[in-house]
Amino acid sequence: ALSPIPMAWAILLKLWPSQRAFLRELETGADLVVLKGRQLGFSTISAAFKYHRGAFRRWNVLQESMGEREAQENMSKISYGLDRLPGWMRPTLRTRNTTEIEFGEASNKIRILPSTEDAGSGFTARYAEFDEASKHPHIDAAYAAIRPTVSGGGQMVLVSSAKGRGGVFATTYQNAKAGTNGSLGLAERKK
């Protein structure tokens, strides 16, 4: 179970310029490849964005994290925000656990899973995100499985700090930077 953080510890989130720019790019609906610095708060902004898309736009949302611990940390960020909403803004939930929130009325879901060869297979998402994409042990298979689910009007977001020169993240980032991969936008934020 997710352990609640006392309300007294909550502080108002004030966005930094790079966070505002990231959020604006997310809101365009374009596919994004984000090479970021560490500890910029992008996962917190992303958590709020995923909750908004799931709760208020009724999208199915999927995120793959590097590992189980990271997946649980990302879900706890969504839960942290959910717990602090006024009652009238909280949707009815069918399911709420460390990997999934299912909304009652529309049955749409937010799923956050650790990277495995089969994570996300069989789940159709309108928004799919790979957090720390350059560090996923199964990124090639996962990306190939999930990419088609968002091709018909959804959004694919790859976010990562740098690690190495190969793999799906590095290739997609380089192609976006060169303008050769069509629909993928590019965001580059450095600390």
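**Figure 1. Overview of the chain.** The chain contains five helices and eight strands, where helices (H or I, at least four residues) and strands (E, at least two) are DSSP runs numbered from the N terminus. Their order from the N terminus is α-β-α-β-α-β-β-β-β-α-β-α-β. Of the 191 residues, 46% are buried; buried denotes under 20% relative accessible area, exposed over 50%, and partly exposed the range in between (1.4 Å probe, protein chains only). Contacts are defined by heavy atoms within 4.5 Å. Among contacts between residues at least 6 apart in sequence, 69% link residues at least 24 apart. Residues are numbered from 1 along each chain as its sequence is written. In this predicted model, local features need pLDDT of at least 70 and side-chain atom pairs count only at pLDDT 80 or more, whereas totals for chains, interfaces and linings use all residues, and side-chain values use heavy atoms, with hydrogens and water left out.

Figure 2. Just after α1, G29 adopts a positive phi of about 85°.

**Figure 3. Packing of α1 with α2.** The two helices pack at an angle of about 30°, and their axes are 10 Å apart. Axes are lines fitted to C-alpha atoms, for helices over the stretch in contact, and angles run from 0 to 180 degrees between N-to-C directions. From α1, the contact involves S18, Q19, F22, L23, L26 and E27; from α2, F42, I45, S46, F49 and R53. By class, these residues comprise six nonpolar, three polar and two charged. Ala, Val, Leu, Ile, Met, Phe, Trp, Tyr, Cys and Pro count as nonpolar, Asp, Glu, Lys and Arg as charged, and the others, Gly among them, as polar.

**Figure 4. Crossing of α2 with helix α3 (residues 68-83).** The axes of α2 and α3 come within 9 Å and cross at roughly 65°. S43, T44, A47, K50 and Y51 of α2 meet N74, K77, I78 and L82 of α3. This contact has four nonpolar, three polar and two charged residues.
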